[in-house]
Amino acid sequence: MSDERWMGAAVALGERGRGNTAPNPNVGCVIVREDIVAGRGWTQPGGRPHAEAMALAEAGDEARGATAYVTLEPCCHRSGRGPACAGLLAEAGVARVVAALGDPDPRIAGGGFERLRKAGVEVSIGPGADQASRSMAGFLTRSRLGRPYITLKLAMSLDGKIALPSGESRWITGEEARRHVHLERARSDMILVGRGTYEADRPKLDVRLPGLEERSPRRALLTRGEPVEGWVRLGAPGEAFGLADVNDLLVEGGSATASAFLAADLVDRMLIYRAPILIGDGKSSVGYIGLTDLADAHRRWVLADSRMLGVDRLEVYERRRD
């Protein structure tokens, strides 16, 4: 099996920790010896143990002479919460470490690779980089920009409406699309709605998928008014920069909140669930977002994925930031 395929397995393991490891990254690791998996690991809730430590514990003596596939550069800094993974890999006697990405954390930033090479471990960097970047987009965005990776979810009709004129919006999309939304919630550290949505629906914003109920994210409210007990208050979209312990933020609505985040250019990814219905007069999915020249609207969004969820279509767009 090629390095890219083994790294794909490591990325899939890392996805198990997504939404559950902040402020640490959701790393995945596979230790392979003679094309047989000797150990697997992913970052555990709260950020420890790290993926490499988990995989090494499972591999035991089989790690000696093996190749470790890890989605992010192994850490090398001292921590009171556990040993450095670069040191653990070297001490275990792995012959080769393949990493998808370097770690932007200034405490590491190449230091993990240097420590491995000094110990005689062969290091390869780059296989599966695109997959790993998407999987750990929350950690990478927070490291580089100082804020979470922000996903905006919109469920709409074919003509771009999210509710009837009366405000009724249950249910525009079908059961399969709603289950996918709950999976996205389980992958997020925090979920946010606006005050209008809170007052109208009193949403629980929990995860209602069997086996994932404990993965319900923290709740946040975009409002200039009084805070609500049990909810994190954001007075403006820009206050997302103050969420130091959040990697992935999911914005679910409503229209004013979606517009505010788009106008502030803080949306990195859009999930558009499009139902095969027409509403006509009704509530639009977004309002004014600050656009004054149609030419500026082009080349901002790239279609990253498209699939059918029952009768509904999901379109995933990523913000292009050159």
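**A first look around**

User: Which side chain makes a polar contact with the side chain of lysine 161?
Analyst: A polar contact is a pair of N or O atoms within 3.5 Å; within protein, one must be able to donate a hydrogen and the other to accept it, and residues adjacent in sequence count only if both atoms are side-chain atoms. Here the two side chains sit 3.4 Å apart, and the partner of lysine 161 is serine 284.

User: What kind of model is this, and which atoms do its side-chain values use?
Analyst: It's a predicted model, where local features need pLDDT of at least 70, side-chain atom pairs count only at pLDDT 80 or more, and totals for chains, interfaces and linings use all residues. Residues are numbered from 1 along each chain as its sequence is written, hydrogens and water are left out, and side-chain values use heavy atoms.

User: Back to lysine 161: how far away is the nearest side chain of opposite charge?
Analyst: Lysine 161 is found in strand β7 (residues 161-163); helices (H or I, at least four residues) and strands (E, at least two) are DSSP runs, numbered from the N terminus. Its side chain is buried, meaning under 20% relative accessible area, with exposed being over 50% and partly exposed in between (1.4 Å probe, protein chains only). For charge, Lys and Arg count as positive and Asp and Glu as negative, while His and the chain ends are not counted.

User: How many salt bridges does the structure hold?
Analyst: Side chains of opposite charge can pair when their charged atoms come close. One network of salt bridges links Glu15, Arg18, Glu184, Arg187, Asp248 and Arg269. For the whole structure, the number of salt bridges is 25.

User: How many residues apart in sequence are the parts tied together by glutamate 62 and arginine 33?
Analyst: These two side chains meet in a salt bridge of 3.7 Å, N to O. Glutamate 62 is in the loop between α2 (51-59) and β3 (67-72), whereas arginine 33 is in strand β1 (residues 28-33), so the pair links parts whose separation in sequence is 29 residues.

User: Is lysine 118 buried or exposed?
Analyst: Lysine 118 forms a salt bridge with glutamate 114 (3.3 Å, N to O). The two are four residues apart in helix α4 (residues 111-118), so about one helical turn separates them. Glutamate 114, at 43% relative accessibility, is partly exposed. Lysine 118 comes in at 69%, so it counts as exposed.

User: Which helix holds both arginine 195 and glutamate 199?
Analyst: Their side chains also meet in a salt bridge, at 3.3 Å, N to O. Arginine 195 is partly exposed at 25%, and glutamate 199 is partly exposed at 43%. They are four residues apart, about one turn, within helix α8.

User: What is the strand order in the open sheet of five strands?
Analyst: Two strands pair if DSSP finds at least two bridges between them. Four bridges join β1 to β3, and these run antiparallel; cysteine 29 has valine 70 in β3 as its bridge partner. Overall the pairing is mixed, and the order is β2-β1-β3-β4-β5.

User: Which are the edge strands of this sheet?
Analyst: Look for strands that pair on one side only.

Notes. Salt bridge = Lys/Arg side-chain N within 4 Å of Asp/Glu carboxyl O.
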